[in-house]
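Hi everyone, thanks for coming. Let's walk through one structure together, starting from the inside and working our way out.

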Amino acid sequence: IFLGIHTALFWFSYHTDFSKFSKKKFRGKQVGASKIVMAIASVLGPIAGGIILSFFGFKVLFVLVSFLLIASTFPLFMSKEVHEPIKFSLKGFFKTHKIKNVLAYMGNGIEARIGTILWPLFAFIFILGEKYVSLGALSSVALTFSVLSTFIISKFSDLNLKKLIRFGSVANSIVWFAKSFVVTPVQLFIADAFYGASATSMYISFDALAYNKVDERNRTNMIVQREVYISLGGALFLFIIASFTDQLISIFRYGGPLSSLMQFFF
């Protein structure tokens, strides 16, 4: 419940601010820069977490991470507050976005849940033999390739965002299909390295295009709708797979590619 509240408050505010203060002409580069900062800060986290888990257990890890999370909020209180009165209405709430945009948002939510929840669990239990350090190293490898890819992609992202998201969605769907055949740790590391690159090209262009689609006169409603559709896609997906937990390979083989391709025409 608290995670849901945090997600709603933080990401709605984040995307509202980013759409307001970023420049449309350089939005791809600016989205890329923000993701580079996030990824660099995250690269060492998984491997460090795996080592702490192996030697000290979950309680120590949770306490340490809790302090780090609290400390990370302090910079927010040092920035200048920018508040403007906004108008929000539920009237015509679900009529603003085109159906292709709705499908793209829901696909984004589904792909994110597969990539951040199901795949790591599957890899941890069935491929890595429940080894914490190996899982942390795997995540760090994917993030490292994500950072490198972001450096390259963000330089050219503003040339044609439409082509980039189409390339990214197709590439990501191919990677997901390939990941469904992974059976060894070596294959796993290679597949996640490619995923770090393909997912980056898709998500940079997705966020940049999403900000470009925001109408400044209706910014609040459109950002809220974006978050609702993304969360709705993820929630419906998780609800559906609760009945298919014995078919995880099929979810990766078909769900991953389909959710990626849902963003093709965004």
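So, which residues have the most contacts inside the largest nonpolar core? Keep in mind that this is a predicted model. That core has 24 residues, and the ones with the most contacts inside it are Ile 114, Leu 118, Trp 119, Leu 188, Phe 237, Ile 251 and Phe 252. Five helices each supply at least two residues of this core: helix 5 (99-127), helix 7 (161-179), helix 8 (185-212), helix 9 (219-241) and helix 10 (248-261). Helix 5 gives the most, with 8 residues. There is also a second, separate core of 19 residues, and Phe 18, Ala 104, Leu 164 and Ile 165 are among them.

Now over to helix 1. Helix 1 covers residues 2-21, which makes 20 residues.

Which residues of helix 1 are buried? They are His 15, Thr 16, Phe 18 and Ser 19. Looking down the axis of helix 1, these buried residues fall within an arc of 165 degrees, so they line one face of the helix. The face turned away from that buried side carries the exposed residues Phe 2 and Leu 9.

One last stop: Asp 207, which lies in helix 8. Is Asp 207 buried or exposed? Its relative accessibility is 9%, and because buried means under 20%, Asp 207 counts as buried. Setting aside its neighbours within four places in sequence, Asp 207 is in contact with Val 31, Lys 35 and Arg 226.

Technical notes
Residues numbered from 1 in each chain as written. Predicted model: local features only at pLDDT ≥ 70, side-chain atom pairs only at ≥ 80, totals over all residues. Heavy atoms only, no water. Helix = DSSP H or I, 4+ residues; strand = E, 2+ residues; numbered from the N terminus. Expected span 1.5 Å × (residues − 1). Buried < 20%, exposed > 50% of the residue type's maximum accessible area, 1.4 Å probe, protein only. Arc of directions from axis to C-beta. Core = buried A, V, L, I, M, F, W, Y, C linked by side-chain atoms within 4.5 Å. Contact = heavy atoms within 4.5 Å.
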